[in-house]
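Here are my notes on this model, written up as numbered points. Have a look at the structure first, then read on.

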Amino acid sequence: MIPSLQSLADRWAHVPHPTCQAEVRLHQPWALFLAGAALLWYALELSPAAAVIFTLVGGMVLCAYLWARILAARLSGQRRLRYRAFQVGDTLEEEISLTNRSPLPAPWVEFSDRSDLPGYQISEVRAVSGGQTLRWSASTECRQRGIFRLGPWELRSGDPFGLFSVRQVTADPLEI
């Protein structure tokens, strides 16, 4: 029995975070149209040029899809606060880690934060090799009283061809 594309991509499946929702979307629909046109050309003409074009374009779309599915399943992020109670004048320190458990590199990963703490911005774009964990820290001085949220946050990535995009939203804001 030949395994399906979905089962091949899910072989490395891993749920990054219990409240994380991962989705893969076609970012460039023209690639599917081009693969379909090449297949139609090959079906009508059976020429070697049509076979080469269909193989190249179809292979690129297939590789891009599998790459994106694997990244969606094996790429995860985490943020960790050093302290949970703050006063005006204290320094908020946080460590962010980005882990790629797949054998494939993630050429770009955008960590996008939607915290509402005044003056706190930790959104970044990084590249992560296969099997690598990146860590960085962020800090800010607390200048305003109140209850604020750290998060929600999301990771965005994609395949190296830019055909499919991967988006993981972690919707568990932390109140401080």
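1. Which residue in E5 does Phe 111 stand opposite? Glu 124 is the one. The two strands involved, E4 and strand E5 (residues 124-128), pair in the antiparallel sense over four bridges. Pairing here takes at least two DSSP bridges between two strands, and the elements themselves are DSSP runs numbered from the N terminus, helices being H or I with at least four residues and strands being E with at least two.

2. A word on the ground rules. This is a predicted model, with pLDDT of at least 70 needed for local features and 80 or more for side-chain atom pairs, while totals for chains, interfaces and linings use all residues. Residues are numbered from 1 along each chain as its sequence is written, and side-chain values use heavy atoms, with hydrogens and water left out.

3. Now the overall picture. The protein chain has three helices and 10 strands, and along the sequence they follow the pattern α-β-α-α-β-β-β-β-β-β-β-β-β. Of its 176 residues, 35% count as buried, buried being under 20% relative accessible area, exposed over 50% and partly exposed in between (1.4 Å probe, protein chains only). As for contacts (heavy atoms within 4.5 Å), take those between residues at least 6 apart in sequence: 72% of them join residues at least 24 apart.

4. There is an open sheet of three strands, ordered E2-E3-E6 and paired antiparallel. Strand E2 (75-81) and strand E6 (133-141) are the edges; each has a single partner strand, so one side of each lacks a neighbour in the sheet. On average, neighbouring strands are turned by 15° against each other, direction ignored. Strand E3 (residues 91-100) is joined to E6 by nine bridges, and within that pair Leu 92 sits opposite Thr 140.

5. Helix H3 (residues 48-74) packs on this sheet, touching E2 and E3, and its direction makes about 30° with that of E2. For the angles, axes are lines fitted to C-alpha atoms, for helices over the stretch in contact, and values run from 0 to 180 degrees between N-to-C directions. H3 has 27 residues and reaches 38 Å from first C-alpha to last, close to the expected 39 Å; that expectation is 1.5 Å times one less than the number of residues. Its buried residues include Val 57, Val 61, Ala 64, Ala 68 and Leu 71. An α-helix has 3.6 residues a turn, so residues three or four places apart point the same way.

6. Leu 92 turns up again in the largest nonpolar core, where Leu 92 and Leu 98 touch the most other members out of 23 residues. H3, E2, E3, E4, E6 and strand E8 (153-158) each supply at least two residues of this core. A second, separate core has eight residues, among them Ala 31, Ala 72, Leu 163 and Val 166. A core here is a set of buried Ala, Val, Leu, Ile, Met, Phe, Trp, Tyr and Cys residues joined through side-chain atoms within 4.5 Å. Leaving aside neighbours within four places in sequence, Leu 92 has contacts including Leu 81, Phe 86, Leu 117, Ala 138 and Ile 176.

7. Back to E4, which is joined to E8 by five antiparallel bridges. Ser 112 lies in this strand (residues 106-113) and counts as buried because its relative accessibility is 12%. Ser 112 and Glu 154 are 42 residues apart in sequence, yet their C-alpha atoms are 5.3 Å apart. Ser 112 also has a side-chain polar contact of 3.5 Å with Arg 156. Polar contacts are N or O pairs within 3.5 Å; within protein, one atom must be able to donate a hydrogen and the other to accept it, and sequence-adjacent residues count only if both atoms are side-chain atoms.

8. Asp 113, also placed in E4, is buried at 8% relative accessible area and stands opposite Trp 153 in E8. Its side chain makes a polar contact of 2.8 Å with that of Ser 115.

9. Finally, E8 runs antiparallel to E9, with six bridges between them, and Arg 156 has Arg 167 as its bridge partner. Strand E9 (residues 164-170) is mostly covered, with five of its seven residues buried. Five residues lie between the strands of this hairpin, where Gly 162 takes a positive phi near 80°.
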